[in-house]
Amino acid sequence: MSVLSSEPAALRKTALNELHRKMGAHMVPFGGWDMPLEYTGIVAEHMAVRTRAGLFDVSHMGEIEIAGKQALALLQKVTCNDVSRLQVNQAQYSGLMNDRGSFVDDLLVHKFSDEHYFLCVNAARREADFDWITQQNDPGATVRNTSDDYTQLALQGPKAKTILQRLTSVDLSGVRYYWFARGKVSGAESIIAHTGYTGEDGFEIYVPVADSERIWNEVLEAGKDDGLIPCGLGARNTLRLEAGMMLYGHDINAETTPLEANLQWICKLDKGPFLGRDVLLRQAQEGISKKLVGFQMTDRAIARDDAPVWSNDRQVGKVTSGSYVPYLKRAIGLAYVPTELAKSGERVQIEIRGNKAAAEIVPTPFYRRPKS
Amino acid sequence: MYPANFRYSKEHEWVNVDGNVATVGITEHAQKQLGDIVFIELPGLGAKLEAGKECGTVESVKAVSEIYSPVSGEVTEVNTALNETPEWINQDPHGKAWMFKVALSAPLWDELLSAEQYEAYLREEEGH
């Protein structure tokens, strides 16, 4: 057995780090952060979120705020979705674009007001995103990296709303999916967003750093009888993969465009000029050569990240995310393949430790939550 | 925690020798590090194993690990039940999740540790 070891070398810590350790979480480095991988185990945590509720510390995620009269102009320039369609208290999934039409990052844009927007970005991209947005800021908006001001908790699962409602006077049934409210959670001013990265119903809550431990404990206590448990990044990854959601640095990166990543729904090519739009327009007209697809293993094997994908004795692509997923109890993954192979039912082989194992292209998301 | 009559490898396998037959599995420490185990590939019946050489794989949700045979000899029995219930490895790694039995063809590897030595080795690893 050769077992993974965790090297705690100059890693950043969230405000809940000590509490995670005290609660017995298995900590690992992730994107430069010392984060909980699991508490009770990935399978138990994954299933808790699908059937009851789970609480994640996702404070490693970054926050960037854009303000001023030119805030909209700057955001329209650097992101591919149409920010002008957002209403106050609404959130939008989008891509932060480079001038090649590929991803600097993927992010959530929340509209506080016409002149104030709140972005949630990936942990490892905080500084890169801030630098890029600042560099592109010829419109002259105010750009602030406010990542250190927030602890972000993700409360996810069919019981999430019931549990959170016990701690806030905000009427959560009035906050639709991909909308948010500002109000108190456990007495502290918070942003309560009806968003998530699990494919399940739930909330992402931005709370003041000073109240982190108290709120974490109060949420866990409020959900105890509903089977709420603390969860780590291991389950967060299997949940998002099962739900067919992208992970930056794996499924999307600075060399892949939203059209190749099957994210045409976040590309509003008619909104006016934005970074990389010419590339995306050309791809929309002329077509793309590779496309991100979902696959499931038909042979008994688990494909992992970076495994080569073969078709007719030719290497045609690579797995970008691959794992066994606990709810579907299957080995699935995402991979870029040539567009002509990007159809459900197409058969490919995936090279795993020198052997080729059979897989089938399937539609994504792999898992869709039951309509409530 | 670690049975005194077993021997242990630094790669976290255990060996229980009875006469000429050695039973092999992975240790409590190994299963804990891996987390929820969902898939296993074991050597086939009759396979000739060499101590220190790769002879199978264990996969958890998050990672894959090689199994290195701690002994040399021929595989006489395989715990095929683990294909259907790999979670036994998490639940009872030193008991019902034994992996395979080997008819020894050579004396036990002198690098194998006693339970006491293995526990000391784990403490040393954790200290790093």
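**Salt bridges and exposure, by the numbers**

Student: Why is Arg353(A) called partly exposed?

Tutor: Arg353(A) has a relative accessibility of 38%. Buried means under 20% relative accessible area and exposed over 50%, with partly exposed in between (1.4 Å probe, protein chains only), so Arg353(A) at 38% is partly exposed. A word on the model: it is predicted, so local features need pLDDT of at least 70 and side-chain atom pairs pLDDT 80 or more, while totals for chains, interfaces and linings use all residues. Residues are numbered from 1 along each chain as written, chains are lettered from A and ligands numbered from 1 in written order, and side-chain values use heavy atoms, without hydrogens and water.

Student: How do you know that Arg353(A) and Glu59(B) form a salt bridge?

Tutor: Their N to O distance is 3.3 Å. A salt bridge needs a side-chain nitrogen of Lys or Arg within 4 Å of a carboxyl oxygen of Asp or Glu, so this pair qualifies. Glu59(B) belongs to chain B and Arg353(A) to chain A, so the pair joins two chains. Both residues are also in a salt-bridge network with Arg304(A) and Glu41(B).

Student: What makes Glu59(B) buried?

Tutor: Its relative accessibility is 0%, so Glu59(B) falls on the buried side of the cut-off.

Student: Why are Lys111(A) and Asp114(A) called a salt bridge?

Tutor: The closest N and O atoms of Lys111(A) and Asp114(A) are 2.9 Å apart, so the pair meets the distance limit. Lys111(A) is buried at 8%, whereas Asp114(A) is exposed at 54%.

How values were computed. Helix = DSSP H or I, 4+ residues; strand = E, 2+ residues; numbered from the N terminus.
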